[in-house]
Amino acid sequence: MRYVDSLNLSEIIECFILIEPGKGYLVSALREKFKNSKIIVLHVDKSFEDDSFSQPGISVLHGTGAMSVQDFLERETPDIDASRIRIIEWRPSQNFYREAYVKLLSMTVEFIKRTDAGIKTVSAFGRRWIKNFFKNLDNVQQVLLYKSMEMPVIVTGSGPSLENALSVIRQMQENSLIIASSSSIMALAHGGVSADIIIAADGGSWALQHLYPYFRKDSRDTIIAANFCAALPSQCGIVPRLIINDGSFWQSIILHELALPSVIISQKGTVTAAAAELAMLLSGGNIYLAGMDFSVNDIRTHARPYAFDRLIHDNAVRTSPAYSKSFLRSGIIREGGDYGIYAAWFKNKLASWPKRIFSLNASNKIFEEAPSVPLPEQASEFVKKNISGYFKTINVNDHGAFRKKGAAALCAAIKDIRYSQKLRAELILMLFPGEHYVTNENLQEAIRGVSHG
């Protein structure tokens, strides 16, 4: 108890993460002082399994690998601001376990940074995402069911190195499924490559700039894989939709009520990670990553052509040329730190993913330990792809009534004691960020408002 008192812990802490607390004396002391806070215990050593705590509000993990820790923390850590989460170290364990202890601590810190960035994004854009969700419900005309294939898959991000990989992608495109992030489709098209599936996740209206040029032409053979929270042009209505559900409770309630099939891929903050997970769900074949740099190449932030580049060139003047604007933008992106957070997550994820994931151009050190890329000539051995054989199209009827039905389902679930607590936690963060006391009536009114907005 004296050690806990010496930490001067704030009363606002709602979650404690203990790094290898040994026999767990700290757990008892914390529970006595913070009776309502969540306590998460991470053990380096499996030998402490016999000392596990079975008390409510205490979650324990023993001696696990990198992504097991990440997955465990994602499942057990409440969606709260990082200021309400506190990591508590136990120095005797650090002296004994050394590198293993430091690795566990490092993974926990990375998780909190990434989660905090995600929560801040949700708070800032949550209302817009929910508006997008209801808007896209009205627009969907065809949804897809899929069956697993064994075809090679190429997943493209929009990093500068995508340009160097285009020659290999062109060789493989007739025999491989191509899943492209929406920000990469212009560069692919310029390089003579057509995407089979475009994955979109960004809820901001600016994201439409990536998709508008593509949908000005006939794109009926393309599949859109998107969360309904994404900003999508109305032209997407004629395109078959593979619905992505990020696993949030509110989305699952609406999709279940409307009987819309979906694939669950949790929110990762970067669409390229979602694209890689989608590739693993769709195919048991090798997966080739391209344009996933998580870094800036000199002053180049993305592969060319890129939808936002015209904003720089159109506004360039003699005293502020395009080169200078590109330099400033690259510096802002580099200093923002988001690339580092996602690169660390991706590196940990690669360690747990199947050994069939390759980088076509290892432009980031996170790929240093990835398997060697098979020779492109092997692409000639693959069977020519037939995408349509793996997807079944279902026509959507009465989608014009989906907004009203979806909003009614959420409002009803909020009043149900089985669902209310979890649903309120998600929706208050999105609709009333920073507020802790929101009545069910206010929440229902806000849902009806955004569903009509």
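A residue is taken as buried when its relative accessible area is under 20%, as exposed when the value is over 50%, and as partly exposed in between (1.4 Å probe, protein chains only). By this criterion, 52% of the 453 residues of the protein chain count as buried. The structure is a predicted model, in which local features need pLDDT of at least 70 and side-chain atom pairs count only at pLDDT 80 or more, whereas totals for chains, interfaces and linings use all residues. Residues are numbered from 1 along each chain as its sequence is written, and side-chain values use heavy atoms, with hydrogens and water left out.

The secondary structure of the protein chain comprises 16 helices and 14 strands, assigned as DSSP runs numbered from the N terminus (helices: H or I, at least four residues; strands: E, at least two). With contact defined as heavy atoms within 4.5 Å, residues 24 or more positions apart account for 68% of the contacts in the protein chain with a separation of 6 or more.

In soluble globular proteins, nonpolar side chains tend to be buried together. A nonpolar core is here a set of buried Ala, Val, Leu, Ile, Met, Phe, Trp, Tyr and Cys residues joined through side-chain atoms within 4.5 Å. The largest such core has 38 residues, and L137, W250, L260, L410 and L427 are those with the most contacts inside it; at least two residues of this core come from each of α5 (99-139), α9, α14, α15 and α16 (440-452). Beyond its neighbours within four places in sequence, L260 is in contact with L137, V143, F228, I243, L255, V396 and F402.

Aromatic rings of Phe, Tyr and Trp (its six-membered ring) were paired if their centres lie within 6.5 Å, with planes under 30 degrees apart counted as stacked, over 60 as edge-to-face and the rest as tilted. F133 and F134 form an edge-to-face pair, at 6.2 Å centre to centre and 75° between the planes, and both residues are buried. F249 and Y419 are likewise paired edge-to-face, at 5.7 Å centre to centre with 65° between the planes; this pair links distant parts of the chain, F249 lying in helix α9 and Y419 in the loop between α14 (402-415) and α15 (420-431), 170 residues apart. Y419 counts as partly exposed because its relative accessibility is 30%. The charged end of K422 sits over the ring of F249, 5.3 Å from its centre.

Definitions and conventions:
Lys NZ or Arg CZ within 6 Å of the ring centre and 35° of its normal.
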